[in-house]
Amino acid sequence: MESENPVASVLPMPEPLLEQSTGQLDKVAGDSAKIGDAGRCDSVSMPDDWLDELADNLSEKAWIELDLLGHLPAGLIAALRNEVEILDRTEAMGRAGIGRGADLTRDRSVRRDKIAWLDGYTAAQSELFRFFDALRVGLNQRLFLGLKRYEAHYATYQPGDFYKRHLDSFRGRASRVVSLVLYLNEGWQLQDGGELRVFSPDNEDQMVGLVRPEAGRAALFLSEDVPHEVLPANRTRYSIACWFRQDEVPLPL
C-alpha cells in the first residue's frame, strides 16, 4: 500500500468501557426496545443454506455484504442503537487507536471514531453474542477456521469522521481471522455518506464493494486479506465491529 494511504490495524484498548454497573444503560436498552428472551436459543436464525452461502463467498471472494434483519431477534438492532447512543451522549466512549502495545497511537489523520467494548452484560448484548457464537460455530464447521472466540466494540463516527484504508489484522499473525461490521442507523440516506468501501484482496486499488451503513446491514470479510475504509459521514453513524479469532486468550498489549 502506498505511503500516503497507510495500512492501519485495529487493536483493542486495555479496558472495556461498557460497565455492568451502568444502570441507566441497562434500563433504557432493556425497556425501550423489546428483544427475544436471552435464554432462548431459537431467537437467532441461522439456516444451513445461509451459512453455506457465507462460507462460499468468504472462500471465493473473501467478503460478502449481508442483511441481518431476518437473522436477529426483532428489536435487537434498536436496543443496541439505544445503548451506543447513551454511551455517546454520556461520553463513555474513548478515542480508538491504531497499532498495538507501545506502538498504539491515536492518529486522527488515519481514524477519528470513538469506541466502547461490548462485554455481554446487557440483554441486547447477550442476544448479539448468541448470534456471534452460532456464526462462529457455523463458519468453523464449513471452513475449518479454528475460530475460538470473538471480541466486539461499538463505534461512533461524528459528522466528518472517517477511517482510512486499512486491514484488521497483521498479515501472518492469524489472530483476527474473520471480521464482521454491523450497522445500527435508521433512515440512512445516500447523502449521509459514511459508507464502507471494500477493496480487492488481490488489488488494493480496486474497489469491489460499497456498503451503506443502514440498520441491519453488515459486511463479513477475511481480516488479513480485505482492505477497507470508512468514508466521511455527514451525520452521526453507529456500528458494531466484531472479530473472530483463533487465539484462546487476549494477547498482551
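Contact means heavy atoms within 4.5 Å. Keep that in mind for the first stop. The model on your screen is predicted.

**Stop 1: helix α4**

Select residues 123-143, which make up helix α4. The buried residues of α4 pack against α2 (48-60), α3, β4, β6 (176-183), β9 (217-222) and β11. Which residues of α4 are buried? They are Ala124, Gln125, Glu127, Leu128, Phe129, Phe131, Phe132, Leu135, Arg136, Gly138, Leu139 and Asn140.

Now check the length. The end C-alpha atoms of α4 are 30 Å apart. At 1.5 Å a residue, its 21 residues should span 30 Å, which agrees. Then step just past the helix. Phenylalanine 144 takes a positive phi of about 50° there.

**Stop 2**

Is phenylalanine 132 buried or exposed? Its relative accessibility is 1%, so phenylalanine 132 counts as buried; the cut-off for buried is under 20%.

The whole structure holds eight aromatic pairs. One of them joins phenylalanine 132 to tyrosine 150. A pair of aromatic rings is described by the distance of the centres and the angle of the planes. Here the centres are 5.4 Å apart, the planes are at 70°, and the pair is edge-to-face. Phenylalanine 132 lies in helix α4 and tyrosine 150 in strand β4, so the pair ties together parts that are 18 residues apart in sequence. Both phenylalanine 132 and tyrosine 150 are buried.

Phenylalanine 244 belongs to strand β11, so its pair with phenylalanine 132 in α4 ties together parts that are 112 residues apart in sequence. Phenylalanine 244 is buried, with a relative accessible area of 0%.

Now select the whole cluster. Ring pairs link Trp50, Phe129, Phe131, Phe132, Tyr150 and Phe244.

**Stop 3: strand β4**

Look at the side chains. In a regular strand they alternate between the two faces of the sheet. In β4, Arg149, Glu151, His153, Ala155 and Tyr157 point one way. Tyr150, Ala152, Tyr154 and Thr156 point the other way.

Next, show the partners of β4. Strand β3 (residues 114-117) is joined to β4 by four bridges, and the two run antiparallel. Find lysine 114: its bridge partner in β4 is threonine 156. Strand β11 (residues 237-245) also pairs with β4 in the antiparallel sense, over nine bridges. Here tyrosine 154 stands opposite isoleucine 240 in β11.

Go back to β3 and pick tryptophan 117, which lies in that strand. At 5% relative accessibility, tryptophan 117 counts as buried. How many residues apart along the chain are tryptophan 117 and tyrosine 154? They are 37 residues apart, yet their C-alpha atoms are separated by 6.2 Å.

One more pick here: arginine 237 and tyrosine 157. The charged end of arginine 237 sits over the ring of tyrosine 157, 4.8 Å from the ring centre.

**Stop 4: the four-strand sheet**

Show β5, β10, β7 and β8. In the order β5-β10-β7-β8, these four strands form an open sheet with antiparallel pairing. Why is one side of β5 and of β8 left without a neighbour in the sheet? β5 (163-166) and β8 (207-211) stand at the edges, each with a single partner strand, so one side of each has no neighbour there. From one strand to the next, the twist averages 10°.

Zoom in on β7 (residues 196-199) and β10 (residues 228-230). Three bridges pair them in the antiparallel sense. Arginine 197 has glutamate 229 in β10 as its bridge partner.

Then select arginine 165 and phenylalanine 199. The charged end of arginine 165 sits over the phenylalanine 199 ring, 4.9 Å from its centre.

**Stop 5: helix α3**

Finish with residues 76-89, helix α3. Its 14 residues reach 20 Å from first C-alpha to last, close to the 20 Å expected at 1.5 Å a residue. α3 is mostly covered, with 11 of its 14 residues buried. Among them are Leu76, Ile77, Leu80, Val84 and Leu87. The buried residues also include Arg81, Glu83 and Asp88. Just after α3, find glutamate 91, which takes a positive phi of about 55°.

Note on methods: Residues are numbered from 1 along each chain as its sequence is written. This is a predicted model: local features need pLDDT of at least 70, side-chain atom pairs count only at pLDDT 80 or more; totals for chains, interfaces and linings use all residues. Side-chain values use heavy atoms; hydrogens and water are left out. Buried means under 20% relative accessible area, exposed over 50%, partly exposed in between (1.4 Å probe, protein chains only). Two strands pair if DSSP finds at least two bridges between them. Axes are lines fitted to C-alpha atoms, for helices over the stretch in contact, and angles run from 0 to 180 degrees between N-to-C directions. Rings of Phe, Tyr and Trp (its six-membered ring) pair if their centres lie within 6.5 Å; planes under 30 degrees apart count as stacked, over 60 as edge-to-face and the rest as tilted. A charge sits over a ring if NZ of Lys or CZ of Arg is within 6 Å of the ring centre and within 35 degrees of the ring normal. The expected span of a helix is 1.5 Å times one less than its number of residues.
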